Amino acid sequence: MAAEGNPALATTNEDSWHGIVLRTLRRNEIRLVPYVPDRVLTPLIAALHADPYFSTFATAREEEAVGILSGAWMGGARGAMLMQTSGFATLANVLASLVVPCQIPLVMFVSERGTLGEFNYGQSLVCRTMRPVLDSLAMEHHTMTRLDELEFTVDRSIKQAVATQAPVALILSPLLTGGKVFEK
């Protein structure tokens, strides 16, 4: 993916949104990062694969990543998952029946679709319902829109999730990532 087509990729890796997330994951000893492939998350996924500190791999479904991370937490390992907004629509049951009641500090990075020029009505519906679902589950969530607030918010959210044994969703707005580029 060329930097000239996406302003989020134009900065250096260390100072980019994905460089900041990578550095913050490492600082918080998060090594395990399953994901469902997503174009917006591609630079972060590529950076994770390139860094031997991390064990990162694709999963078939978001629920699979939640199960892997729940088991890892119970075994003493920290992890985070990466997914797109549409994948969140499949998670209400596993969040309500496993993650929240078992107090698993699941860290979810969600690339936001369904807003700011979205063409897919289904994406828009999920985007509109995601935050109310998170609220109904009393799950902490933050929408990341600014690079200058990213490191602080991600770092403190991970620390809070671990300390309180409660999940957190970090929603990566197109204002931060550049979003998905829709080409004609």
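**View A: Q165 sits in the loop that runs between helix 7 and strand 6 (168-172).** Helices (H or I, at least four residues) and strands (E, at least two) are DSSP runs, counted from the N terminus. This is a predicted model, in which local features need pLDDT of at least 70 and side-chain atom pairs count only at pLDDT 80 or more, while totals for chains, interfaces and linings use all residues. Residues are numbered from 1 along each chain as its sequence is written, and side-chain values use heavy atoms, with hydrogens and water left out. Q165 is a residue other than glycine, yet its phi is positive, near 50 degrees. With a relative accessible area of 34%, Q165 is partly exposed; buried means under 20%, exposed over 50%, and partly exposed in between (1.4 Å probe, protein chains only).

**View B: A138 lies in the loop that joins helix 6 (121-136) to strand 5 (140-144).** Here is another backbone angle to look for: A138 is not a glycine, but has a positive phi of about 55 degrees. The relative accessible area of A138 is 71%, so this residue is exposed.

**View C: Helix 1 (residues 17-27) meets helix 2 (residues 42-50), with axes that come within 9 Å.** Two packed helices are described by the angle between their axes and the distance between the axes. In this pair the axes cross at roughly 45 degrees, which makes helix 1 oblique to helix 2. Axes are lines fitted to C-alpha atoms, for helices over the stretch in contact, and angles run from 0 to 180 degrees between N-to-C directions. Angles under 35 degrees count as roughly parallel, over 145 as roughly antiparallel, 65 to 115 as roughly perpendicular and the rest as oblique. Helix 1 brings W17, H18, V21, L22 and L25 to the contact, and helix 2 brings P43, L44, A47 and L48; contact means heavy atoms within 4.5 Å. By class, these residues are eight nonpolar, one polar and no charged. Ala, Val, Leu, Ile, Met, Phe, Trp, Tyr, Cys and Pro count as nonpolar, Asp, Glu, Lys and Arg as charged, and the others, Gly among them, as polar.

**View D: Helix 2 has buried residues that pack against several neighbours.** Look for P43, L44, I45, A47 and L48, which are buried. The buried residues of helix 2 pack against helix 1, strand 1 (32-35), strand 2 (55-58) and strand 3 (80-84).

**View E: Helix 1 also packs with helix 7 (residues 147-164), the axes coming within 10 Å.** Their crossing angle is roughly 25 degrees, which makes helix 1 roughly parallel to helix 7. Helix 1 passes helix 7 in a right-handed crossing. From helix 1, W17, I20, V21, R23, T24, L25 and R27 take part, and they meet L147, L150, E151, V154, D155 and I158 of helix 7. This contact has eight nonpolar residues, one polar and four charged.

**View F: Helix 3 (residues 62-74) packs with helix 5 (residues 92-99), their axes 10 Å apart.** The angle is about 15 degrees, so helix 3 and helix 5 are roughly parallel to each other. Their crossing is right-handed. E63, V66, S70 and M74 of helix 3 touch V94, L98 and V99 of helix 5. In this contact, five residues are nonpolar, one is polar and one is charged.

**View G: One aromatic pair is present in the structure.** The ring centres of Y53 and F54 are 5.0 Å apart and the planes stand at 85 degrees, so the pair is edge-to-face. Rings of Phe, Tyr and Trp (its six-membered ring) pair if their centres lie within 6.5 Å; planes under 30 degrees apart count as stacked, over 60 as edge-to-face and the rest as tilted. Both Y53 and F54 are buried.

**View H: V110 belongs to strand 4 (residues 107-111).** Its relative accessible area is 1%, so V110 is buried. Setting aside neighbours within four places in sequence, V110 contacts M83, Q84, T85, M130, L170, I171 and L172. From V110 to N120, 10 residues away in sequence, the C-alpha to C-alpha distance is 17 Å.

**View I: G179 is placed in the segment after helix 8 (174-177).** At 8% relative accessibility, this glycine counts as buried. G179 and G117 are 62 residues apart along the chain, and their C-alpha atoms are separated by 9.7 Å.

Technical notes
Left-handed = near helix turned anticlockwise from the far one by under 90°.
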